[in-house]
Amino acid sequence: MNVQSNQHALEIKKLRSQIAELKQQNQELSKQIRVNESLYRSILDALPINIFLEDPEGRTIYANKQVCLSNGVSLDKIVGKTIFDYFPHEIAILNRAYDLEVWKKRELITKEFPSGYQGEEHHMFSGKTIIHINESNEDFLLGFALEITDRVRAENRLKESEEKFRSLTEQAADSFFLIGTDGMFTEVNPTACEVLNFTKEELLKMSTETVFSKLPEKIKHLKIGSKEHASSNFEDLMTGKDHTQIPVDINIRLINIGENQMYFALCRDIRDKKRAEAQIKHMAFHDALTDLPNRWAIQSILEEQISPKNEPSNLLGFILLDLDYFKVVNDSLGHEAGDILLKEVAKRLQASTDHREVKLARFGGDEFIILIPQLTSEKEITPFCDRIMEEMSAPFLIKGQKLNISTSMGISFYPKDGQDLNSLIKNADLAMYGSKELGRSCYSFYHPDMKHHANKRMDLEILLRKALDENEFILHYQPKVNLNTGEIYGMEALIRWKNKLDQIILPDAFIPLAEETGLINPIGEWVLREACRQCKEWHDLGFSDLTVSVNLSPKQFQRPNLVGMVISVLAETGLSPYSLELEVTEGIVMKNPEEAVMVLQELKRLGIKITVDDFGTGFSSLSYLKLFPIDTLKIDRSFMVNIDSDNADAKIASAVISLAHSLKMNVVAEGVENWEQYDFLINRSCDYAQGNFISKPVEPQEVKGMLVNNGTFIIT
């Protein structure tokens, strides 16, 4: 019994020892499991990847720390929950569909899908698969997800940038080329295809050498990593499919695309710019009215002709051409008619100089230039001039009116008469002035004497201006006699120039130059003022019936303020307008009869007497004579010279006297030099006379002596 009891006790003790050992092993195993679980959990929590387990119903049974961080919630709010509990509904539906697809296929499926929390959009790269737990014979969905929001955003920005760039290049008005280091095109935009008339496929098979002229050589000088040589700007020519040459402005730069080095060329079509530049250049070197070359073009042509590398062994003829009386056309028909005439003249000159070597240009105004190279002698230019004169001889039809326009030409030669354009123009101008002095409608060759004459003329102009400033002009007065009574009734004021040497210069020596330079206006105004002052002085001495007559030049008569100037002078000197007589030539009043009538009527209304000087020397229409408010006709001295021996002159003088009296006008004869002429005038009932037979022009103090002597002309 005791043996059995002991045996039983020993077994119980052994059993207890085994149980304790097993309990110890179990505790150690549990500890190891807890350590392993903690290790695995720590490892999974340390991974920057979302790792989670879901049951077939989509409930989360495990999630690592990154899941909590990514979704912004704690673990206790994830475990046991579905994605519908913490994802937006739209995203939850997408994820659940993803889960179901994995459950169905039971294989690893990776996807990118949107996620989000706290109102922010996120993007994840996810992988999901099904795992089986043998111990529990259960299936779970194992998932992992990696945050790729930054990458997706970067890709979106890149995509957006690429789309913008593609849109820009495809819609740009400029041509874009992406070129490999081998010179082949790797990308082109639609504009490049359109400009070159090639398809994109055709261009991508071509190289820069096929299309560009300078570009292939230029890209060789571009260096990577150098700001100075990383890009280049220049103009080039592109050749299109139909061999069309397209000028372009190119910006070419070296760029890196990934690891590849390439060239990017931006090409702007500058055909419009080139056309505009050509047009501007044409405008700069051509006359706008006639489209002929202008002075600057002739300058370039001349420089080319006389350049050292092309110096001609022969003469180069230079013609300066001017239209005679062109101003009359402008004044009478208007500037529009003048422009039409200049165009027609240009056409005729082109026809008459239609030779490949001859250069025609408009110098300005109504002047033209003709360059004729390769002349062996001066005489060779004569046929050109004759042809021009012939072309110009036919009337021009301008605004329904036929105009006969002649031309005066001056000719100089390179190198004899000038080494540059200015010298040739100057000397040709002197020759042209000589043509005008010869009566116009002709041509003259330059001679050095012309320069001497021009210098004298310029010196005279300087002295003339100085004479006006320093009061060197004086007036002499020639008496006019009443043929019925023999009494002096008036004085004609005649200008003289008394220079520093006390020499008396007659008006024929300086009045033409004064007319040409415009000095006649201030000189004429001085004459009028001095004559009125002197006449008023005589009146103050008691000779109140005396009149003074003053000649008006053509330029004076054309002054817009003539009447105002006369009124001002009369007011200043105090002379009565009834004591003033203004003499105008027949040519002045007939140049523009309608305007002349208005001016003369204004003067007449003031009380001023009007005399037509040199009557009978022109070809005026007698129908106008009755319209002019004229008091006196003056018979020109040319009819008086042979009046006693030339029957024709006598008849003309008698006819003028008769005509004037029939129109209730007085007649004065000038240039009376002898008794026979004086007697003829008395017998023909002429009213007044003046001339050396009566008295030469005298100084003012001598007039006073005549007037004191009762103012009567006594025949001795």
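Okay, let's start with a network: Lys 480, Glu 492, Glu 581, Glu 583 and Lys 634 are all linked through salt bridges. Keep in mind that this is a predicted model. I'll come back to confidence in a moment.

Glu 492 and Lys 634 join their side chains in a salt bridge, 3.1 Å from N to O. Glu 492 sits in strand β19, residues 488-498, and Lys 634 in strand β24, residues 632-635, so this pair ties together parts that are 142 residues apart in sequence. And are these two buried or exposed? Both Glu 492 and Lys 634 are buried.

Now for salt bridges elsewhere.

Glu 572 is exposed, at a relative accessible area of 52%, while Arg 529 is partly exposed, at 24%.

Then there's Asp 417 with Lys 416, a salt bridge at 2.9 Å, N to O. Here Asp 417 is buried, with a relative accessible area of 8%, whereas Lys 416 is partly exposed, at 47%.

Okay, on to a helix I like, α25, which covers residues 675-683. Which of its residues are buried? Gln 677, Tyr 678, Phe 680 and Leu 681 are. Look down the axis of α25 and those buried residues fall within an arc of 160°, so they line one face of the helix. As for what covers them, that includes strand β18 (473-482), helix α24 (647-662), and strands β25 (666-669) and β26 (688-689).

At the N-terminal end, Asn 674 is the cap, with a side-chain oxygen 3.2 Å from the backbone nitrogen of Glu 676. Just past the helix, Ser 685 takes a positive phi of about 65°.

Last thing, confidence. The protein chain averages a pLDDT of 85, and 91% of the residues score at least 70. Where is confidence lowest, and where is it highest? The lowest is helix α23, residues 622-625, with a mean of 66, and the highest is strand β21, residues 547-551, at 95.

Conventions
Residues are numbered from 1 along each chain as its sequence is written. This is a predicted model: local features need pLDDT of at least 70, side-chain atom pairs count only at pLDDT 80 or more; totals for chains, interfaces and linings use all residues. Side-chain values use heavy atoms; hydrogens and water are left out. Buried means under 20% relative accessible area, exposed over 50%, partly exposed in between (1.4 Å probe, protein chains only). Helices (H or I, at least four residues) and strands (E, at least two) are DSSP runs, numbered from the N terminus. The arc is that of the directions from the helix axis to the C-beta atoms. Contact means heavy atoms within 4.5 Å. A polar contact is a pair of N or O atoms within 3.5 Å; within protein, one must be able to donate a hydrogen and the other to accept it, and residues adjacent in sequence count only if both atoms are side-chain atoms. pLDDT is the predictor's confidence in each residue, from 0 to 100. A salt bridge is a side-chain nitrogen of Lys or Arg within 4 Å of a carboxyl oxygen of Asp or Glu.
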